[in-house]
Amino acid sequence: MESTAARTAPAVIVAIDGPSGTGKSSTSKAVATQLGLSYLDTGAQYRAITWWMVTNGIDVADPSSIAAAAGKPDIVSGTDPAAPAITVDGTDVAGPIRTQEVTSKVSAVSAVPEVRARITELQRSIAAAAGQGIVVEGRDIGTTVLPDADLKIFLTASPEARAARRSGELKGADVNATREALMKRDVADSTRKTSPLAKAADAVEVDTSDLTLQQVIECVVTLVEGKRATR
Ligand SMILES: Nc1ncnc2c1ncn2[C@@H]1O[C@H](COP(=O)(O)OP(=O)(O)OP(=O)(O)O)[C@@H](O)[C@H]1O
Ligand SMILES: Nc1ccn([C@@H]2O[C@H](COP(=O)(O)O)[C@@H](O)[C@H]2O)c(=O)n1
């Protein structure tokens, strides 16, 4: 629950990056809720534009087709950590953006510079409008989107821990196949030319492999409170 101290504390911008399945979304939502901050899931925005490309018959293997269409969809993100919302041209796409098809195509779409320029601008305007402060999670938040963030966290976890978490979530999914899919997406996201997945030089790295979600949340809350105390 949000405390009185949280409501009166100065706005703080927190960037949380890391590979897939390291706990970015779960941690960011809980930290934002606990500290009375807004929350932005930037992966959902890349998924939303990918969903629009697929739905509109754009060939996601052709970067020039993606680039030409990048400005067309109107993507709106909610910032309430208790009810993260995302719409494309007024349609709620919170469910459709989590399909296997979108997951398998999102790295190709997010690698296109015109897509990144459009989504980055959107992310910066949302962060600038968050009066109480915001937790923004993704792959390039600390390096590119918000390089002046007050606190940058880079979450990691072993591929085995991440695959076990994801296959638990996808009830019954084969753990080896899940691990391969995670690794494939990480390689694509880390090796693209434009703002790849990377740890910012001034980010605090937290290896979550052997930590419970609650321990990770407590660790990040402590880091945010420590940062606020020095401002
Ligand atoms: N420390 C942890 N211990 C155990 N399970 C965890 C931990 N952190 C997250 N999880 C679980 O792992 C799964 C993936 O977490 P989450 O979606 O937060 O990761 P993510 O980094 O945001 O992934 P992606 O980038 O693919 O969206 C969820 O089911 C979540 O509950
Ligand atoms: N800042 C970001 C965030 C995400 N991406 C791309 O979106 C994909 C989906 O992200 P999830 O967090 O929902 O798994 C991800 O694999 C990246 O391709 C990005 O490029 N930059």
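## Elements and numbering

Helices (H or I, at least four residues) and strands (E, at least two) are taken here as DSSP runs, numbered from the N terminus. This is a predicted model, in which local features need pLDDT of at least 70 and side-chain atom pairs count only at pLDDT 80 or more, while totals for chains, interfaces and linings use all residues. Residues are numbered from 1 along each chain as its sequence is written, and chains are lettered from A and ligands numbered from 1 in the order in which they are written.

## Around ligand 1

Let's start with ligand 1. At least two residues of its shell come from each of α2 (24-35), α8 (159-169) and α10 (213-229). The shell holds 17 residues, with S20, G23, S25, S26 and R165 coming nearest; a residue is near a molecule if its C-beta atom, placed from the backbone, lies within 6 Å of it.

Strands pair if DSSP finds at least two bridges between them. β1 (residues 12-17) runs parallel to β6, joined by six bridges, and β2 (residues 38-41) pairs with β6 in the parallel sense over four. E137 is the bridge partner of I16 and also stands opposite D41.

## Around ligand 2

For ligand 2, 14 residues form the surroundings, and G43, Y46, S110, G138 and R139 are the closest. Two or more residues of this shell come from each of α3 (42-55), α5 (100-110) and α9 (175-191), with α3 giving the largest share, four residues.
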